[in-house]
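This report describes selected features of a predicted model. It takes up a pocket, a helix contact and the salt bridges in turn.

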Amino acid sequence: MKWKNRRKSSNVNRGSGAPVVFGGGIGGLILVLVLYFLGADPSVINNQNINQGQNSRYEEKISEGQKELEDFLSVVLADTEDMWHEKFQEYNLTYHEPSMTLYTGSTKSACGIAQSGMGPFYCPLDQAVYIDVSFYDELKNTFGAGGDFAFAYVLAHEVGHHVQNELGILNQTQQLQKKLSEREYNKYSVAQELQADYFAGVYAYYSKEKGYLEAGDIEEAMRAASSIGDDKIQKMSGSNINPDKFTHGSSKDRKNAFDMGYKYHDIEHSMDFFKNLDHQIQINIR
C-alpha cells in the first residue's frame, strides 16, 4: 500500500499501562483465540477471566518497526476519516470521527481492560479503537495473513464498528442481546461482524480509487478476512465446528462480505446481512 508521506490522523492516542494478564491453562488459551476474532464484545472484555498482574507501561522508546506500523495505522485511520465523511455526506449525515489508542501489553478503555491477547477491538463507550501493533505479527504468524493491507483491513473493520455506532446499529443489536437467547443473538452478532467486513471492503474500494493500492493488496485483505472465521478459530481452539456458536461468521462468509463491500461500496447493501433476521435493524438517520 502506498502510504508514506501522506496525512496522518490527529485522533491517535497512546495508552497507559494497566495491571492485567490472562490466566493460564487451556481456558486462557481459548479465551485469547476467541478474542482474536477482531472486535471482541466489550461485555466480554470488561474484566472477565482476567487476573491481576504486573503493570505494563507503553514504552516511550519503541523500535523502528513498531514506529513504522504506528505511522501506517495513523495514515489508514486518516483515510477512513476522509472516506466516511464523504459517504455520510452522500446521505446527508454527519460523521463523527473515532479515536485510536495504540498501546503495548495492556491499557484501560471505557469498556474495561484492553490486553494485547484480545486483538484489536472497538469500544462504543468511548468511541475508540484499541490496537497493540504486535497484532501485526500475530496476524502474519498465527493466522497466515501477512502484509500491510491485511493490517489496514483490520483497522478498517474496527472503524466499521464505529460506523455502526454512528448509524445506530450497535445500540439496536445490544438491546436485542438482552432479550434473545445466546443462540438467537449470535445471528445478529454474525450479521454485525459481516457488516463491519463489508465496510472494510468499502474502504478497500476507496483506496483503489485514490490510487493507494499496490499489486496484491486486495488479496492480502481477503486472506486476512478468511483467516479469522469462526470455523477456523474453533479448529484452532480444539473445538468441533458448531455454527450455532458462530459470532463473527465463517471464513467464507467473512471473505464474501469484504468482497461485497468492495463491489457495491455503499451503505444500503450493507443492511442485507440483517434482512432475513426476525427483528428488523434500521439505519438511524440523525
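## Second largest pocket

The volume of the second largest pocket is about 170 Å³. Its lining is formed by Arg183, Asn186, Lys187, Val190, Pro243, Asp244, Phe246, Ser250 and Asp253.

Helix H7, which spans residues 182-209, supplies the largest share of this lining, with four residues. Sorted by class, the lining of the second largest pocket comprises four charged, three nonpolar and two polar residues.

## Packing of H3 and H7

Helix H7 also takes part in a helix-helix contact. Helix H3 (residues 64-90) packs with H7 at an angle of about 95 degrees, and their axes lie 10 Å apart. Because angles of 65 to 115 degrees count as roughly perpendicular, H3 is roughly perpendicular to H7.

On the H3 side, the contact is made by Val76, Asp79, Thr80, Asp82, Met83, Trp84, Glu86 and Lys87. On the H7 side, Phe199, Val202, Tyr203 and Tyr206 contribute. In terms of class, the contact of H3 with H7 includes seven nonpolar residues, four charged residues and one polar residue.

## Salt bridges

With a cut-off of 4 Å between a side-chain nitrogen of Lys or Arg and a carboxyl oxygen of Asp or Glu, the count comes to 12 salt bridges. One of them joins the side chains of Glu81 and Arg7, at 3.2 Å from N to O.

This pair links distant parts of the chain, with the two residues 74 residues apart. Glu81 belongs to helix H3, whereas Arg7 lies in the segment before strand S1 (12-14).

Note on methods: Residues are numbered from 1 along each chain as its sequence is written. This is a predicted model: local features need pLDDT of at least 70, side-chain atom pairs count only at pLDDT 80 or more; totals for chains, interfaces and linings use all residues. Side-chain values use heavy atoms; hydrogens and water are left out. On a 1 Å grid over the protein atoms alone, a cavity is a set of points where a 1.4 Å probe fits but cannot get out, and a pocket is an open set with protein on both sides within 12 Å along at least five of seven lines; lining residues have an atom within 4 Å of a point. Grid points are joined across faces, edges and corners, and a volume is the space filled by probe spheres set on the points. Ala, Val, Leu, Ile, Met, Phe, Trp, Tyr, Cys and Pro count as nonpolar, Asp, Glu, Lys and Arg as charged, and the others, Gly among them, as polar. Axes are lines fitted to C-alpha atoms, for helices over the stretch in contact, and angles run from 0 to 180 degrees between N-to-C directions. Angles under 35 degrees count as roughly parallel, over 145 as roughly antiparallel, 65 to 115 as roughly perpendicular and the rest as oblique. Contact means heavy atoms within 4.5 Å.
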